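User: Hello, I am new to this structure and would like a guided look at it. Could you show it to me and then take my questions?

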Amino acid sequence: TAGKLAVAHVTLNRVDSKWFPNSVCEVVYDGLHYTHSSGKKMPVRDRCQFSWYCDGLLDDPREGRTWRSAQELAKKVLVNYHDNALIDITDGATHYHANWMEKYPSWSKKKKIMASIDRHIFYGSRKKTL
């Protein structure tokens, strides 16, 4: 649950940032796309903001307890976010990656580590805030 909550925070932190799109859907689908022969807009493999979106696998969830739990968490996050009642467990992170990666993304050297949750490292801006 903490990992899912952390990714939700990253998404919302991006929505609030001037450097990213202004809605959850636009943030999630941000990245390079091409038009498939069917006319559908598709993400370019491995060229998007969230790897699960452009990994080439189907994104249709399987019905069941895990899917219902994810939906419930998303609803709670959005309601509490809009009511300003949500504590950001990533401390403002806008980026993350798995800690088991052989080679970390090049952007990780330019960001400040904000949190380590489950098997992921979360990063934010290096700018100091008062």
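**Helix packing and the disulfide**

Analyst: The buried residues of helix 1 pack against helix 2 (24–28), helix 3 (65–82), strand 3 (95–98), strand 4 (112–117) and strand 5 (120–124). Contact here means heavy atoms within 4.5 Å. Helices (H or I, at least four residues) and strands (E, at least two) are DSSP runs, numbered from the N terminus.

User: Before we go on, what kind of model is it?

Analyst: This is a predicted model, in which local features need pLDDT of at least 70 and side-chain atom pairs count only at pLDDT 80 or more, while totals for chains, interfaces and linings use all residues. Residues are numbered from 1 along each chain as its sequence is written, and side-chain values use heavy atoms, with hydrogens and water left out.

User: Fine. Which residues of helix 1 are buried?

Analyst: They are G3, L5, A6, H9, V10, T11, L12, N13, R14 and V15. Buried means under 20% relative accessible area, exposed over 50%, and partly exposed in between (1.4 Å probe, protein chains only).

User: What span should helix 1 have?

Analyst: Helix 1 covers residues 2–16, and at 1.5 Å a residue its 15 residues should span 21 Å; the end C-alpha atoms are 21 Å apart, which agrees. The expected span is 1.5 Å times one less than the number of residues.

User: How do helix 1 and helix 3 pack?

Analyst: They pack at an angle of about 40°, with their axes 11 Å apart. Axes are lines fitted to C-alpha atoms, for helices over the stretch in contact, and angles run from 0 to 180 degrees between N-to-C directions. Helix 1 and helix 3 are therefore oblique to each other; angles under 35 degrees count as roughly parallel, over 145 as roughly antiparallel, 65 to 115 as roughly perpendicular and the rest as oblique.

User: And which residues meet there?

Analyst: From helix 1, K4, L5, A8, L12 and D16 meet L73, V77, L78 and Y81 of helix 3. Just after helix 3, N84 takes a positive phi of about 55°.

User: New topic: how many disulfides does the structure hold?

Analyst: It holds one disulfide, joining C48 to C54 with an S to S distance of 2.1 Å. A disulfide is counted when a pair of cysteine sulfur atoms lies within 2.5 Å. The link of C48 and C54 is left-handed, with -85° about the S-S bond.

User: Are those two cysteines buried or exposed?

Analyst: C48 is buried, with a relative accessible area of 17%, and C54 is buried at 3%.

User: Switching to the loops, where is K18?

Analyst: K18 is in the loop between helix 1 and helix 2, and this residue is exposed, with a relative accessible area of 70%.

User: What about T94, buried or exposed?

Analyst: T94 is buried, with a relative accessible area of 12%, and is found in the loop between helix 3 and strand 3. Not counting residues up to four places away in sequence, T94 touches V10, N13, R14, F20, Y123 and G124.

User: Last one: which residues does A98 touch?

Analyst: A98, in strand 3, touches Y104, R119 and H120, again not counting residues up to four places away in sequence. At 8% relative accessibility, A98 counts as buried.
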